[in-house]
Amino acid sequence: MVEALRQRGITDEAVLTAMMAVPRHFFLDKAFEDHAYEDKPFPIGHKQTISQPFTVAYMTALLQVKPNDRVLEIGTGSGYQASILAALGARVYTIERQEALYLRAKALLKELGIRNVYCFWGDGFGGLPKYAPYEGIIVTAGAPFVPEPLRQQLAIGGRLVIPVGEEVQYMHRITRLAADEYQDEVFEAFRFVPFLEGVNKKDEKS
Ligand code: SAH
């Protein structure tokens, strides 16, 4: 899998090492286990998917995580992306709107003994002000716009990596240069599941 990522242009060695260290098959449904190391997204229930390894590597490289950085992830899903961030030494706060996914990821991370990931159930549109500011914020669902609270929760020098758009999303990296100064860089196009407002209780329809 890591060799395929290299061939697709991922050059950040720290990211590749983290991707080598985290066994992706634990984060997938048993039915897809044999395909865990293919560069493909898979369903994780509740109409959501675990992102493709390339997308995870691409976003993680843009985030430029350093050990001990505080990183906020919006869209816990399977917990895979959060585990990659933790493997890079970050202290990860991750928030998920679907209660069932939140519960499952939280239990799995505990079972795998992954420390430094703190799971929350809530609507990521507001970020997680309690633990702000963050050196990195990563949104793993397709956002219709950049929510203002996420910019506000960045540390000076912090980076927000977010796919923005309706049908197709362009990856943006927004860097907070000063209290009210941001730099916005635009990268490649991706397709994500939608960033939805509000929360969803377990056993409720999404
Ligand atoms: N990062 C995940 C991939 C998740 S797919 C992984 O590694 O597996 C995107 C996730 O974002 C879905 O689980 C979806 O329920 C969640 N999501 C969508 N809108 C959200 C919101 N407003 N707040 C929190 N999570 C949200």
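Helix 4 is followed by G89, whose phi is positive, near 95 degrees; helices here are DSSP runs of H or I with at least four residues, strands are runs of E with at least two, and both are numbered from the N terminus. This is a predicted model, in which local features need pLDDT of at least 70 and side-chain atom pairs count only at pLDDT 80 or more, whereas totals for chains, interfaces and linings use all residues. Residues are numbered from 1 along each chain as its sequence is written, and side-chain values use heavy atoms, with hydrogens and water left out.

Helix 4 is largely enclosed by the rest of the structure, because 7 of its 8 residues are buried, where buried means under 20% relative accessible area, exposed over 50% and partly exposed in between, with a 1.4 Å probe and protein chains only. The buried residues of helix 4 are Y80, Q81, A82, S83, I84, L85 and A86. Between strand 3 (70–74) and helix 4 runs a loop that holds T76, and T76 counts as buried because its relative accessibility is 4%. Setting aside neighbours within four places in sequence, T76 is in contact with T94, I95, E96 and A105, contact meaning heavy atoms within 4.5 Å.

Apart from neighbours within four places in sequence, M19 is in contact with M1, V2, L5, P53, V56, A57, Y80 and I84.

Turning to the whole chain, the protein has 6 helices and 9 strands, and 48% of its 206 residues count as buried. Of the contacts with a separation of 6 or more, 52% are accounted for by residues 24 or more positions apart. The C-alpha atoms fill a box of roughly 50 × 40 × 35 Å, taken along the principal axes.
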